[in-house]
Amino acid sequence: MGALDSGNTAWILTSASLVFLMTPGVAFFYGGMVRAKAVLNMLMLEAAALSVTMIIWTLWGWSIAYAGNDIGGIFGDPASGFLLKDSMVAKDGVFTTTGLNGNNYPVSVDVAFQVAFAMITVGLICGAIAERVKYSTWMIFVALWITFDYAPMAHMVWNGGLLSADGAISKAIGAAAHDFAGGTVVHINAAVAALIIVLIIGKRKGFGTQPFRPHNVPFVMLGAFLLWFGWFGFNAGSAFAANGTAGYAWVSTSAATAAAMLSWGFTEKIRSGHYTAMGAASGMVAGLVGITPAADVVSPLWAIVLGAIVGILTCLACGLKFKFGYDDSLDVVGVHGVGGFTGTLLIGFFGEGTGLLAGGDWKQLVVQLVIALVAILYSAVITAIIAFALEKTIGWRVTEAQEVGGIDLADQGERAYDFAGTASSVLKEVK
């Protein structure tokens with residue numbers, strides 16, 4: 001084991017902080033999209049994603065994902081790394097790291113970086129179930145989902161498990177599966193989970209018959225800009241070192257995101273005659289999603305092409321909920337599901353030296369398709385079990401009257417905006 005690499009340590013700890021910022025970014029992104037009577041509830045759902053995940057990760061999530069002994073290539077033993085005991089030791093009541101990892105930075109920094117990924121992943125699900133879900137049920141769901149879905153999925157893809165480059169699927173096909181920063185673990189996983197919950201809990205009152213307009217578009221734009229900024233930690237941080245791969249991931253991430261924002265805007269202009277701020281924000285996020293699994297293996301040209309393709313497909317996909325009748329409130333399936341699946345699959349075409357169009361053969365495409373499908377299946381089954389159990393026990397939804405009156409008032413006992421007070425103040429000043 002070498003000496004501490006302060007450059008790597010600083011970069012990954014900074015990246016962890018950037019990824020942490022993404023969940024508040026999602027809170028603003030989603031919070032602006034909902035109606036004024038539901039914005040506090042959305043912000044609170046994201047706060048629970050941060051807090052509950054942090055506790056579960058410290059107790060056993062880290063062990064299941066990365067520290068525990070492998071069990072069948074699916075998950076790690078939750079007991080062997082319980083309370084981070086394989087990662088840290090107690091000394092005079094203060095926890096200090098026992099050693100360095102392969103890139104010569106403390107294991108505690110790995111814990112920080114990976115828990116931020118877990119937070120944002122479960123936080124993405126909130127957008128699909130907006131305006132109708134009880135905070136208490138959501139907190140329980142987060143604890144269960146991180147334990148039985150996210151942590152095992154992270155183990156399978158990033159810790160030598162079934163879906164990894166060294167896993168059984170890659171060996172059987174003869175090509176190394178590639179997911180640089182979370183096309184399967186984060187985006188496909190969250191989107192499938194979101195769809196399953198939506199199908200179980202049902203639609204909002206008025207879905208398909210009345211408009212659900214965003215109450216604060218500047219919030220949405222702010223959230224999108226924060227996400228683009230935070231994504232530098234998400235993707236460039238996934239190089240796990242302060243090196244050229246990190247630098248290139250920054251570049252490819254921005255190139256794809258810019259292309260997606262523009263292609264979404266052009267698609268929107270053709271369809272509706274406008275370049276909207278909502279479209280720009282959604283296009284940014286779609287591009288970030290699409291490049292995530294591929295940021296280190298596609299050339300600048302293919303990064304731009306990938307982003308453009310993802311921008312168009314996700315823009316079109318967001319209308320599918322009206323065709324098929326599922327109430328994905330804020331288009332988690334359309335943006336993260338379609339974007340994550342497309343980005344994962346396009347490595348099979350654009351991956352440098354392995355993709356069909358970049359010097360490889362068909363095997364890379366096959367392995368990317370298989371790991372995406374397995375991720376979909378795993379997420380669907382585990383989420384269905386958890387979500388159905390919660391529906392049949394404590395229930396997911398507030399009452400219809402509470403939903404119509406505003407979930408903020410029903411669940412949080414607060415309002416985001418004191419419209420009545422503001423009006424009264426104005427009248428007093430006029431008098």
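Tutor: Start with helix 9 (residues 277-291). At 1.5 Å a residue, its 15 residues should span 21 Å, and its end C-alpha atoms lie 22 Å apart, which agrees. The expected span is 1.5 Å times one less than the number of residues. Helices are DSSP runs (H or I, at least four residues), numbered from the N terminus. This is a predicted model: local features need pLDDT of at least 70, side-chain atom pairs pLDDT 80 or more, while totals for chains, interfaces and linings use all residues. Residues are numbered from 1 along each chain as its sequence is written, and side-chain values use heavy atoms, without hydrogens and water.

Student: What does threonine 257 contact?
Tutor: Contact means heavy atoms within 4.5 Å. Leaving aside neighbours within four places in sequence, threonine 257 touches Trp228, Gly283, Met284, Gly287 and Leu288. Threonine 257 sits in helix 8 (residues 244-272). Its relative accessibility is 0%, so threonine 257 counts as buried.

Student: At what angle do helix 12 and helix 13 pack?
Tutor: Axes are lines fitted to C-alpha atoms over the stretch in contact, and angles run from 0 to 180 degrees between N-to-C directions. Helix 12 (residues 332-350) and helix 13 (residues 362-392) pack at about 160 degrees, axes 6 Å apart. Helix 12 and helix 13 are therefore roughly antiparallel (over 145 degrees).

Note on methods: Helix = DSSP H or I, 4+ residues; strand = E, 2+ residues; numbered from the N terminus. Parallel < 35°, antiparallel > 145°, perpendicular 65-115°, else oblique. Buried < 20%, exposed > 50% of the residue type's maximum accessible area, 1.4 Å probe, protein only.
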